[in-house]
Amino acid sequence: MDSGAEQDGTVQCSAVDKDNRTVPIPGYAGMLPQKNVFQRLENILVKSACCDCCTGLRNNQGFYRKRKSAINPKNCNGFRVPTGSRCCRRLNIVQQPDLKLIQEYDSQDLTIRKKLVQLKGREIISILLELFANVVAEDRIKYIVTILDRAIEDDESAVKYTVELFNGTGSHPQSFIDSFLHKLEHSSPYIAHRASNILARLLQEGAVLEEENLAVYLSWLQHQVNSRDHCCSLYSLKALSTVLGISRYRTTVTRTRGFVDAMRAVLHPEGHFQILYQISFSATALNEIQVDQLSALVVSVCNLLQEAKKEKVVRSAVAFLRNTLDVSDRDRSSELAITMTTHKLLSLMESLHRSSTFDDEELTTDVTYLLEKLRACYERMSSFDEYIVELKSGELQWSPVHSSKRFWSENVLRFNDNKHLILKYLVAYLDKEDPTSLAVAVHDCGEYVCHYPFGKKVLEELSAKSKIMMLMEHEDSLVKYEALIAVQKMISDNWEFLGSQTKEAAKGRVQ
């Protein structure tokens, strides 16, 4: 997450556009007031008195904490006090000279900050991490996490020192890891996403998370991607893109179906272009996920392009689709190209190529690349290839292949290959909620029965018949109609003779 400091002492959230320019994002709740924060922090750390029995005592070399309760000491002056700590117990969080060093480092002059990092970088980072792990007051955490994030962005040496401390070179490495994971659940989005940004950057530079801790972080990211707040979605996608770029963690991310579903959920034409840009940025890494999952994401992007009007959205979507095809695995690329062709991307690319209304040379190049690939795919694609790709995409549509008698008569036996694998894919759609996918699946089950003599028995063995019968009472009229026709096909021995009469009767029932 990036930040910009304004003259009034306020730091606000910002993002980076495609040209690497920092632009503010309006409406973000995590504004950070900087004025006097250090002074308040210093007053609490340095000038805190002891408990009543030692009134007036103070140790400027360390810090005493006042015990609030004889049974259960609570938070005191913005710090966690360990249960069972004795009166005036010294926590040694940070010493006064260390605070002076942080105050000196907190300068608007980048040259001064870099010079201090070169001289006392490890000490500065260690102090910041100790404060980050122990301070609990919100405004002070904001102050500390901002300085820490800025330090990591400023200087590679600061990143190196932070990674070393994070990985265990420091005295309390586990507390640092725990503090980052703990801050992800903070009520302030600013603090949570700053911590996430730092954590992702540290992982990129070599910090190590155990599998259990990584699972906690990825679970949080997945939840944030689905957030209704587009800023939260944007920043979590940025962090996710960083993690996806790390080979040792990429497999863990890509084998999680939830991330693909979360990305699909935030793809819509009116969405913030930065969200689609971050998804596009992750395309190369996403090529490692299973092809059926990537196909589902490709379908969502194709649907988005049909309605997108903003050039930034079109540019990002086209770049994503181009990256998914531009891979060394020819079989994978061919299957994804069929998915795009099935969802009318070829005609859209032809329209974009003819209009040439965009000034972006990169966009024109990507459109030309996709057009060549999709035209070649269309020339060699069979109707069965089209059907299989649509079946694996997670979304069925009323494409011509479903009502083609030639298709069913030529390919029905292929539904029985590999122990009815294709038919099982089809039957799985009977549990979908989408009315269109549901209606198409019911229709295809009926066609399978008509064209394969033992189709009724096979559907009964797969529990499809009972599901279709229940759909005769579905709230959607088209689903109800297709279910009535399919059931009639299952119980009739002469569908061709009774078909026209049954269709008329079924229409009457669903009206």
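Author: Buried means under 20% relative accessible area, and exposed means over 50%. The model discussed here is predicted.

Reader: Which residues are buried in α21?

Author: Helix α21 covers residues 417–428. Under the cut-off of 20% relative accessible area, the buried residues of α21 are Ile422, Leu423, Leu426 and Val427.

Reader: Within what arc do the buried residues of α21 fall, seen down the axis?

Author: The buried residues are Ile422, Leu423, Leu426 and Val427. They line one face of the helix, because seen down the axis of α21 they fall within an arc of 145°.

Reader: Which exposed residues does the face turned away from the buried side of α21 carry?

Author: The buried side of α21 has cover that includes α19, α22, α23 and α24. The face turned away from that side carries the exposed residues Asn418 and Lys419.

Reader: Lys419 is in helix α21. What is its phi near?

Author: Lys419 counts as exposed, at 70% relative accessibility. Most residues other than glycine have a negative phi. Lys419 has a positive value, with phi near 60°.

Reader: Where does Lys344 lie?

Author: Lys344 also has a positive phi, near 65°. Lys344 is exposed, with a relative accessible area of 54%. Its place is the loop between α16 (330–342) and α17 (345–355).

Reader: How many aromatic pairs does the count come to?

Author: Ring centres must lie within 6.5 Å to pair. By this rule the count is 11.

Reader: Is the pair of Phe384 and Phe407 stacked or edge-to-face?

Author: Phe384 sits in helix α19 and Phe407 in helix α20, 23 residues apart. Their ring centres are 6.4 Å apart. Planes under 30 degrees apart count as stacked. The planes of this pair are at 25°, so the pair is stacked.

Reader: What angle lies between the planes of Phe407 and Trp408?

Author: Phe407 is buried at 2% relative accessible area, and Trp408 is buried at 0%. Their rings are 5.3 Å apart, centre to centre. The pair is edge-to-face, with an angle between the planes of 80°.

Reader: Which residues do ring pairs link into a cluster with Phe384?

Author: Phe384 is buried, with a relative accessible area of 7%. Ring pairs link Phe384 into a cluster with Tyr387, Phe407, Trp408, Phe415, Tyr448, Tyr452 and Phe454.

Reader: Which residue has its charged end over the ring of Phe384?

Author: A charge over a ring must be within 6 Å of the ring centre. Here the charged end sits 3.8 Å from the centre of the Phe384 ring, and the residue is Arg414.

Terms used. Residues numbered from 1 in each chain as written. Predicted model: local features only at pLDDT ≥ 70, side-chain atom pairs only at ≥ 80, totals over all residues. Heavy atoms only, no water. Helix = DSSP H or I, 4+ residues; strand = E, 2+ residues; numbered from the N terminus. Expected span 1.5 Å × (residues − 1). Buried < 20%, exposed > 50% of the residue type's maximum accessible area, 1.4 Å probe, protein only. Arc of directions from axis to C-beta. Contact = heavy atoms within 4.5 Å. Phe/Tyr/Trp six-rings, centres within 6.5 Å; stacked < 30°, edge-to-face > 60°. Lys NZ or Arg CZ within 6 Å of the ring centre and 35° of its normal.
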